[in-house]
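Good morning, colleagues, and thank you for coming.

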Amino acid sequence: MQKNNVKKQQKTDYGNWVPKTMIIAGSAVAAVFAAAAVLCGVLWKNGVATVIFGILCLVVLSFTLYMKRCRDIFDFEKGGMMGKVHEYLVEHLEWNGEGTLLDIGCGAGPLTIRCAKRFPKAQLVGVDYWGAGWNYAKEQCERNARIEGVAQRIRFQKGDAAKLDFVDESFDAVVSNFVFHEVRSQKDKRAVVREALRVVKKGGVFSFQDMFSQKGLYGDMEEFVEELKKEGIAEIHYIGNVEKKEPFIPKFVTAPWMIQGMGTLYGKKGE
C-alpha cells in the first residue's frame with residue numbers, strides 16, 4: 001500500500017489542452033437541461049419548452065462528449081497526441097544542444113522537460129503567464145522537472161510572451177508551442193513572434209508551432225516569412241496546415257476551435 005502511494009506521488013502531471021473542468025461543466029449543464037425538459041414535459045405539460053430544453057441538452061451533451069474524446073486523444077498517457085506535437089516541434093529545432101534554451105508558454109513544463117532530455121548539456125528556462133484561467137502552475141512545472149530528473153538544469157519563471165523579461169539575443173535556442181495565439185496582452189500575433197525572435201542569439205535557432213495557417217490571426221504567412229528574412233532571420237522555414245499532412249493528428253480533432261490551421265515556423269537567426 002505504501003509503495004503504491006509513493007508511486008502515485010511521483011507521477012508527473014502535465015495537464016491537458018482540454019481542461020477537466022470543461023467536461024464537468026458541460027456535463028452539469030446538459031443535466032440541468034435534461035431535468036428542465038423532464039419537468040416541462042411531466043409536471044407542466046409544456047410540449048414546446050420540453051422540445052427546446054431537450055434539444056439544448058443534446059447539443060451541450062454532444063459537444064461535451066466531443067471534447068471528452070479530444071481530451072483522451074491529447075492525453076500524454078492515453079492518446080499521446082500532445083507528446084507527438086511536442087516531438088514534431090523538437091525535430092525541427094536544428095540545434096546541437098550546447099548553450100541555453102527558452103520555452104515560451106511552458107504550461108506544466110512538458111516541452112521544456114522534453115528539450116532538457118533531448119539536450120542534456122543545455123540550461124533551460126520555462127516562461128509562462130499561468131494564472132487562474134489555466135490548469136498549470138510554476139510549482140507544477142518544478143515538481144514535474146524533479147520527477148523527470150532534470151530540475152537542476154531548468155528554471156521556471158512567470159512572464160508575458162508579448163514582453164519577455166530578457167535582453168536582446170539572450171538564448172541559443174527558443175521554442176514555443178500553441179501559445180502565441182493565446183497571448184491576450186498583444187492583439188498583433190506577428191508582434192508576439194517577433195518578440196520571441198528578439199531574444200534569439202545571432203546564429204541561434206528557433207522552432208515555433210501555432211495556428212499560423214489561420215489568416216485571421218497571422219495573415220499571409222509567406223509574406224510574413226519574407227518580412228522576417230529582411231529583418232535578419234537568415235534561415236527560415238514554414239510548414240502550413242500540419243494537421244492535414246501528418247498522420248499523428250487525427251481528423252477528429254481538426255475542428256475550427258481545436259487543431260485547425262496548425263503551422264510550424266523554424267530556422268536560424270543571422271550571424
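Predicted model: local features only at pLDDT ≥ 70, side-chain atom pairs only at ≥ 80, totals over all residues.

Helix 2 and helix 3 run roughly antiparallel to each other. That description follows from the angle at which they pack, about 160°, because angles over 145 degrees count as roughly antiparallel.

Helix 2 spans residues 20–43, and helix 3 spans residues 47–74. Their axes lie 8 Å apart, and helix 2 passes helix 3 in a left-handed crossing. Which classes of residue make up the contact of helix 2 with helix 3? There are 16 nonpolar residues, six polar ones and three charged ones.

Within helix 3, I would draw your attention to V60. Leaving aside residues up to four places away in sequence, V60 touches G26, V29, A30 and F33. For one of these, V29, the C-alpha atom is separated from that of V60 by 7.2 Å, although the two residues are 31 residues apart along the chain.

Helix 3 also holds S62. Is S62 buried, exposed or partly exposed? With a relative accessible area of 48%, S62 is partly exposed, because the exposed class begins over 50%. The C-alpha atoms of S62 and Q209 are separated by 29 Å; along the chain, these two residues are 147 residues apart.

I turn now to R190, which is placed in helix 7, residues 189–198. R190 has a relative accessibility of 13% and therefore counts as buried, the limit being under 20%. What does the side chain of R190 meet there? A polar atom of that side chain lies 2.9 Å from the backbone oxygen of Y218. The backbone oxygen of D220 is 3.0 Å from a polar atom of the R190 side chain. Beyond residues up to four places away in sequence, R190 touches Y218, G219, D220, E223, F224 and E227.

Finally, the chain as a whole. It contains nine helices and seven strands. Its C-alpha atoms fill a box of roughly 75 × 55 × 35 Å, taken along the principal axes. Of its 271 residues, 46% count as buried. Among contacts in the chain with a separation of 6 or more, 77% are accounted for by residues 24 or more positions apart.

Methods: Residues numbered from 1 in each chain as written. Heavy atoms only, no water. Axes fitted to C-alpha atoms, helices over the stretch in contact; angles between N-to-C directions. Helix = DSSP H or I, 4+ residues; strand = E, 2+ residues; numbered from the N terminus. Parallel < 35°, antiparallel > 145°, perpendicular 65-115°, else oblique. Left-handed = near helix turned anticlockwise from the far one by under 90°. Nonpolar A, V, L, I, M, F, W, Y, C, P; charged D, E, K, R; others polar. Contact = heavy atoms within 4.5 Å. Buried < 20%, exposed > 50% of the residue type's maximum accessible area, 1.4 Å probe, protein only. Polar contact = N/O pair within 3.5 Å; in protein donor to acceptor, adjacent residues only side chain to side chain.
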